[in-house]
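I opened this entry to look up the overall build first. Then I turned to individual strands.

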Amino acid sequence: MATTTFQERISLAKIADNSDSVVAFESFDLPPTNQRVLDYPHPSGTAIPLALRPSHDITSLDSVISTVQTLQRDNTLTKLLAKHGALLFRDLPIRDATEFSRFAHAFGYAPHEIIGIVVDRPLLAPNVAPANEAPKEVQIYNHNESPQVPHAPEYIFFYSHKAPERGGETPISSSLELFHRARAEIPEFVGQLTAKGILSKVTYKTTKQNAGGSTMRQAFGKEVRDGDDEATARKKIEAQILRYGRGEHTTWEWIDFDDGKGLRLTHRLPVIRTQPGTNLPTLFTGLAAYYKNLVNSRDESGSGRKNVAEQLFGDGTPIPEKFLAHLVKITEEIRVLHKWQRGDVLVFDNIIAQHGREPWTGEQSDRVVLASLFDGESLPGAYGFGSWAKVVQAATN
C-alpha cells in the first residue's frame, strides 16, 4: 500500500499558539499480520486499519486536538472510519488516561452510557475505563461492542498505556465483509437470522460471574443506595431496564440462584443491521465469540470462561453449532491482529468493525489498554422485518 498524505485536508488546521504550524497526518504501512486490504463490499484498496501518524514529531497534544477538531468540521475522520472500519493513530503525545480522554472527546461524539454492562469498567478519566480486566489467559474473540444488549455505542477508542512483549494483540475485522461471506457460504443461517433475529438471555447476579465481569448493581443499579430495601432496589433496577424502550422485546425475571439473587433479561435483537449512509448490511454480533467461549470452556486447560448471555434464534430454537463454527472460520480468514505499541490509539466504527483481545504471556499488568465509548448521530437501519429489528437508543436519565 502506497503512503498517502491527507495534507490537503489538514492544512486547514492552524494551531492557536502558532499560526504558522499545522499537524499533517500521513498514512503508513503496517506488517501484513497487522493490516490487510478488505474485500467486497469495501471499495478497492481499502485497508483495515488505516494507519495514520503525524508527518513530523509532535510534542503538543493541544496541536493534535486542534487538528482533529478542524478535520471534524466536515466529518473527515468520521468518513474515514465509515470507509475503513478502524483507524490507528501512532506517535501522538498521549501518555495517560486524561490525555487519552481529551483526544477522544476532540472527535465531537456524545459519550455513550453503558446500560446493562457485563464487564467491570471503573472510571479512570472522563468517559475512560479499562477495556477489559479478564485474566490474561482468556481469549476475547472478535465481536462488535455490546451485541447482547439493545443499546450499543457507535464509536470505540482504545489506548495502549502498556503493551506486553508477547501476545495481547487486538483482533480487527470487518462486519460488512463478514456478512457478505456468510451470506454466500451459509445462506440458510443468514436467512434465519434475517427472519428471526436472536434471543439474547443475559444473566446478572449480585456477585461477579467471571473475573473482570460486572455485578447486577454495576449493570443497572446507578440509582440504588446502600440503605434501600429489596423492593426499592428492584424498582430502581427495573426503571433502568425500561430505558431500553423496547416494550415486549425486552423482558425480565427475578431469580434466586444457588449462589445468590439475580436477574435474567431476554432481548430479541437484530443481528443484521445496515450502515448509515450506505445501507450496506453488517453482521453486528458476538456469536463467533459466544461459540469460542463454549469451545474453550470445554477445554481442560481452563482457558475459557462461561457465557453470561445465552444466544438462541429469535423464535427460541437453538442455533446449530455448525453455523457458529463457520462464522469463526470466516473470521479467522478476514481478521488481523494489531500488535500494540505504547501510545497507540485504535478507533473503531462499531457498526462495521469487530475487535477482541488475545491472551499474553508475562504478568497481568503487562498489558494496559483503556477504552472510551461514544454514540453517533444516527443509528443503524433495520434489515429484517418486525419491530424487534429496529435499533434503538436508550432514553436519557
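**Overall build.** I started with the radius of gyration. For 397 residues, a compact globule would come out near 21 Å, and the protein has 21 Å, so the two agree. I noted that this is a predicted model. Next I looked up the extents of the C-alpha trace. Along the principal axes it spans about 65 × 55 × 45 Å.

I then asked what share of the residues is buried. Buried residues make up 58% of the 397. I checked the contacts too. Of those with a separation of 6 or more, 77% join residues 24 or more positions apart.

**Surface and charge.** The protein exposes about 16900 Å². Carbon and sulfur atoms supply 50% of that area. For charge, I found 44 positive and 48 negative side chains. The centres of the two sets lie 3 Å apart.

**Secondary structure.** How many helices and strands are there? I read ten helices and 21 strands.

**Strand S18.** I went to S18, residues 345-349. Is S18 mostly covered or mostly open? It is mostly covered: five of its five residues are buried. I recalled that in a regular strand the side chains alternate between the two faces of the sheet.

I then looked for pairing partners of S18. Strand S5, residues 86-89, joins S18 through four bridges, and the two run antiparallel. Leu 88 stands opposite Leu 346 in S18. Strand S9, residues 155-162, also pairs with S18 in the antiparallel sense, over five bridges. Which residue of S18 is the bridge partner of Tyr 155? I found Asp 349 there.

**A three-stranded sheet.** My last stop was an open sheet of three strands, in the order S15-S14-S21. The pairing in this sheet is antiparallel. Which strands form its edges? They are S15 (281-283) and S21 (381-382), and each pairs on one side only.

Technical notes
Residues are numbered from 1 along each chain as its sequence is written. This is a predicted model: local features need pLDDT of at least 70, side-chain atom pairs count only at pLDDT 80 or more; totals for chains, interfaces and linings use all residues. Side-chain values use heavy atoms; hydrogens and water are left out. The radius of gyration is taken over C-alpha atoms; the globule rule is 2.2 Å times the number of residues to the power 0.38. Buried means under 20% relative accessible area, exposed over 50%, partly exposed in between (1.4 Å probe, protein chains only). Contact means heavy atoms within 4.5 Å. Accessible areas come from the Shrake-Rupley method with a 1.4 Å probe; for residues, only the protein chains shown count as cover. Lys and Arg count as positive and Asp and Glu as negative; His and the chain ends are not counted. The place of a charge is taken as NZ of Lys, CZ of Arg, CG of Asp or CD of Glu. Two strands pair if DSSP finds at least two bridges between them.
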